[in-house]
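Here is my note for you, point by point. Keep the model open while you read.

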Amino acid sequence: MTTSASVPAGPEGAIVGTVTDRLIDANERYAAAFTDPGMDARPVLRVAVVACMDARLDLHAALGLELGDCHTIRNAGGVVTDDTIRSLTISQRALGTRSIVLIHHTGCGLESLTEEFRHDLEMEVGQRPAWAVEAFRDVDQDIRQSMQRVRTSPFLLHTDDVRGFVFDVKTGLLREIDPA
């Protein structure tokens, strides 16, 4: 598998510049061929997708989505936090989405962490993070919890079409999770 950003090489194959430099170079090539698609910020399919930030998840490809089809909200674990609810609320109330798809995945890094991570950070930097790690052991149960958090939020207008899935990083398939 290759990545979308080419890696410039100097003499003897040495990588040139930082990762950010390579991303900026890739953006310049992208912008040179860019044409304004004339789209609105409202997603065409009126759906918001909440997923893990894991680099193995190519959501647009996995879900057959095109630019402009959905809002994508990503964080560690795809966990429904207060900030996720904030983004979903704006997505629904200001930008017209009606459906919510939640996607966790197999082999998630949050399965190997605990809230001890926060304690370790506090010991290292002298300040306890205000956020929870939201680690979990059972991905199916965590998706159920995320669905429940969305369905019970008083800020969301549309909670009747909320579905949760686990993406298998080995097969690329989604497995739907029963909310019960």
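1. Start at E134. E134 is buried, at a relative accessible area of 17%. (Buried means under 20% relative accessible area, exposed over 50%, partly exposed in between, using a 1.4 Å probe and protein chains only.) Its partner is R149: the two side chains form a salt bridge, N to O 3.3 Å. (A salt bridge is a side-chain nitrogen of Lys or Arg within 4 Å of a carboxyl oxygen of Asp or Glu.) R149 is partly exposed, at 28%.

2. Where do E134 and R149 lie? E134 sits in the loop between α4 (116–125) and α5 (139–151), and R149 sits in helix α5, so the pair ties together parts 15 residues apart in sequence. (Helices, H or I and at least four residues, and strands, E and at least two, are DSSP runs numbered from the N terminus.)

3. A word on the basis. This is a predicted model: local features need pLDDT of at least 70, side-chain atom pairs count only at pLDDT 80 or more, and totals for chains, interfaces and linings use all residues. Residues are numbered from 1 along each chain as its sequence is written, and side-chain values use heavy atoms, leaving out hydrogens and water.

4. How many salt bridges does the whole structure hold? A search finds 7. One of them joins D54 and R56, with the closest N and O atoms 2.8 Å apart. D54 is buried at 16%, whereas R56 is partly exposed at 44%.

5. Now look at helix α3 (residues 82–93). D83 forms a salt bridge with R86, closest N and O atoms 3.3 Å apart. The two are 3 residues apart in α3, so about one helical turn separates them. D83 is partly exposed at 46%, and R86 is partly exposed at 48%.

6. Next, the sheet. It is open and has 5 strands, in the order β2-β1-β3-β4-β5, with mixed pairing. (Two strands pair if DSSP finds at least two bridges between them.) β2 (70–75) and β5 (174–177) are the edge strands, each pairing on one side only. Within it, β1 (residues 47–52) and β3 (residues 99–105) pair in the parallel sense over 5 bridges. V50 stands opposite L102 in β3.

7. Finally, helices against the sheet. α3 packs on it, touching β1, β2 and β3, and its direction makes about 175 degrees with that of β2. (Contact means heavy atoms within 4.5 Å; axes are lines fitted to C-alpha atoms, for helices over the stretch in contact, and angles run from 0 to 180 degrees between N-to-C directions.) α5 lies across β3, β4 (162–167) and β5, at about 155 degrees to β3.
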